[in-house]
Amino acid sequence: MAAPNPPPVVHVRSVADIEEELAVSELAPGEVEFKLFGNAPLGASDRMQECVRVGHSGYNLKNPQRFYCKARMKMAATEGVDAMMKQIHDDIDKQKKEVMACIRILEARLALPDAAIPYAGLPLNRRGRHMRHGVYPPSRFGHAAPYDTKIIASQTIVEIPDQARQKRYRQNDIDSTRAWWRFNLRMLEAKRRVLVEHELSMITALRAEMEDVMKKPTMIGSGYTDPSFLHRSNQADYLVSLPAVAIDPHASASSP
């Protein structure tokens, strides 16, 4: 008695492919078998998990291990990208807190009265002593301005500033200091805005990439894979040296 012909095997990538095939052929269980393509999209594993289980009454799935590999790697991808996004949030949140601490310090400094602003530079009563300096416009002297190598005493200007001039010097220092603090504050506020925008753009970009990967055919999960996902250089679960040659741990010593 001749052995019955084996049922045809149809390669699919998703539950939608199975439904489409059954809508056309109307074959009953036992009359057709299905096999999952190696490049089935990872996102397709969600719907397959709803209708694939151990049993004999349904349509035979020829390679269930691939289905489990796909589902496992889909979960690993989701967890890995979630961990990456959490790290981005934590890192940027840490930077934002540091920026806010600096902003509060500068705001407090800008609120100080003039008398509380610290002195900087030369003492006020020595501000009038300096070497004579000249201006050498290129239109008159060319681009290589002359440089006097002989410094003589007459070139040293000594002016003892009176109280009114010292007061102006002090006010100039205060104005310069406040302007510098305002510049510093402006840069910090800009950094804070950029950090917020940067976090949003990075998270948005990662989610878009993830959605794209879930939809498109991929060889991820076509076989067994270490699901470790690297998202920082000091990641403990990834700092494992790979052997120089991949070795099947279940192969016997006599295997070819």
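Accessible areas here come from the Shrake-Rupley method with a 1.4 Å probe, and for residues only the protein chains shown count as cover. This is a predicted model, where local features need pLDDT of at least 70, side-chain atom pairs count only at pLDDT 80 or more, and totals for chains, interfaces and linings use all residues. Residues are numbered from 1 along each chain as its sequence is written, and side-chain values use heavy atoms, with hydrogens and water left out.

Q: What share of the chain's accessible surface belongs to carbon and sulfur atoms?
A: Start with the total, which is about 19100 Å². The part that belongs to carbon and sulfur atoms is 57%.

Q: What pattern does the chain follow along the sequence?
A: Helices (H or I, at least four residues) and strands (E, at least two) are DSSP runs, numbered from the N terminus. Reading along, you get β-α-β-α-β-α-β-α-β-α.

Q: Which residues is Leu106 in contact with, leaving aside its neighbours within four places in sequence?
A: Contact means heavy atoms within 4.5 Å. Leu106 is among the residues with the most contacts inside the largest core. Its partners beyond those neighbours are Trp181, Asn184, Leu185 and Leu188.

Key: A nonpolar core is a set of buried Ala, Val, Leu, Ile, Met, Phe, Trp, Tyr and Cys residues joined through side-chain atoms within 4.5 Å. Buried means under 20% relative accessible area, exposed over 50%, partly exposed in between (1.4 Å probe, protein chains only).
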